[in-house]
Amino acid sequence: MRKISRDLRDFLEVKYHLYNQSYFIYNDPIVIPHSFTHKEDIEIAGFLVATIAWGQRSTILKNGFRLIELMDNSPYDFILNFKSKDLRNFDTFVHRTFNSIDCKYFLKALQHIYKKKGGLNKLFYDSLNVHNGDVGYAISTFRKTFFSLNYPERTLKHISDPIKNSSAKRMCMFLRWMVRRDKNVDFGIWTNISPKVLAIPLDVHSGRVSRSLGLLERKQNDWKAVMELTSNLRKFDPFDPVKYDFALFGLGINEKFH
């Protein structure tokens with residue numbers, strides 16, 4: 001790997017500030033949780049939308065807004081109070097391989113988490129404390145709790161496990177949304193968790209750009225690659241390494257950098 005230079009840091013800082021702007025919201029799945037102001041509404045909407053955030057953006061947005069509409073546009077109130085009969089409304093929901101069976105289990109698991117475990121924020125905070133800030137183990141622990149009910153086998157694939165070397169891109173993205181304190185895009189509503197523990201949401205675009213810049217040697221986009229890339233980004237900003245997700249994403253999507 002080429003030397004991690006000040007010039008590269010300065011380059012990424014410029015691109016971070018270029019792409020970390022409020023206009024980014026409107027064509028991104030994060031626009032859906034930005035429809036809300038209440039903490040629990042934001043995190044529930046964010047979690048569900050992040051879960052289906054793969055494929056064409058227009059389809060993600062359409063299905064994300066539909067999912068929130070099926071929850072009466074009040075995610076937290078719906079999660080706390082829905083009865084089994086209310087889940088019939090989700091019988092026709094589908095986004096790619098995430099279908100009504102998966103959706104209904106996610107809603108039941110979220111209800112369990114908010115009624116029995118103190119909510120998504122507390123569950124992640126406790127998981128991080130147990131694992132001394134290791135976000136990979138925290139995601140894996142969260143996943144075990146999420147699937148502690150009587151779950152359909154097919155639904156397991158919709159939350160990836162870093163301990164099994166998955167990049168867990170969507171979970172890392174969701175955590176970025178919740179934890180980073182940012183006046184433009186990310187919410188920063190989980191103030192009890194430090195941005196320094198986050199891991200980069202790695203996909204084909206950010207992976208390609210990172211390899212071109214000499215930030216990543218590993219060929220596979222897996223958890224080992226996530227750890228390698230995040231470790232290198234911490235050399236530029238140890239307190240907020242995943243802010244460079246904006247730079248890598250913008251370079252890959254907007255500038256076709258390679």
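α7 is mostly covered, with nine of its twelve residues buried. The structure shown in these views is a predicted model.

**View 1. Helix α7 and its surroundings.** Helix α7 runs over residues 135-146. From the first C-alpha to the last, the helix reaches 16 Å, close to the 16 Å expected at 1.5 Å a residue. Its buried residues are Val 135, Gly 136, Ala 138, Ile 139, Ser 140, Phe 142, Arg 143, Thr 145 and Phe 146. The elements that cover these buried residues include α2, α5, α6 (120-130), α8 (169-179) and α10 (223-234).

**View 2. The N-terminal end of α7.** Asp 134 caps this end of the helix. A side-chain oxygen of Asp 134 lies 3.0 Å from the backbone nitrogen of Gly 136. Gly 136 is itself among the buried residues of α7.

**View 3. The salt bridge between Asp 28 and Arg 57.** The two side chains meet at 3.5 Å, N to O. Asp 28 lies in the loop between α1 (6-19) and α2 (39-51), and Arg 57 lies in helix α3 (residues 57-70), so the pair ties together parts that are 29 residues apart in sequence. Asp 28 counts as buried, at 6% relative accessibility, whereas Arg 57 is partly exposed, with a relative accessible area of 31%.

**View 4. The salt bridge between Lys 104 and Asp 91.** The side chains of Lys 104 and Asp 91 meet at 2.3 Å, N to O. Because Lys 104 lies in helix α5 (residues 100-116) and Asp 91 in the loop between α4 (75-81) and α5, the pair ties together parts that are 13 residues apart in sequence. Lys 104 counts as partly exposed at 21% relative accessibility, and Asp 91 counts as partly exposed at 42%.

**View 5. The salt bridge between Arg 218 and Asp 222.** The closest N and O atoms of this pair are 2.7 Å apart. Arg 218 is partly exposed, with a relative accessible area of 25%. Asp 222 is buried, with a relative accessible area of 8%.

**View 6. A network of salt bridges.** Salt bridges that share partners join six residues into one network: Arg 176, Arg 180, Asp 182, Asp 186, Asp 240 and Asp 245. The count for the model comes to 17 salt bridges.

Conventions:
Residues numbered from 1 in each chain as written. Predicted model: local features only at pLDDT ≥ 70, side-chain atom pairs only at ≥ 80, totals over all residues. Heavy atoms only, no water. Salt bridge = Lys/Arg side-chain N within 4 Å of Asp/Glu carboxyl O. Helix = DSSP H or I, 4+ residues; strand = E, 2+ residues; numbered from the N terminus. Buried < 20%, exposed > 50% of the residue type's maximum accessible area, 1.4 Å probe, protein only. Expected span 1.5 Å × (residues − 1). Contact = heavy atoms within 4.5 Å. Polar contact = N/O pair within 3.5 Å; in protein donor to acceptor, adjacent residues only side chain to side chain.
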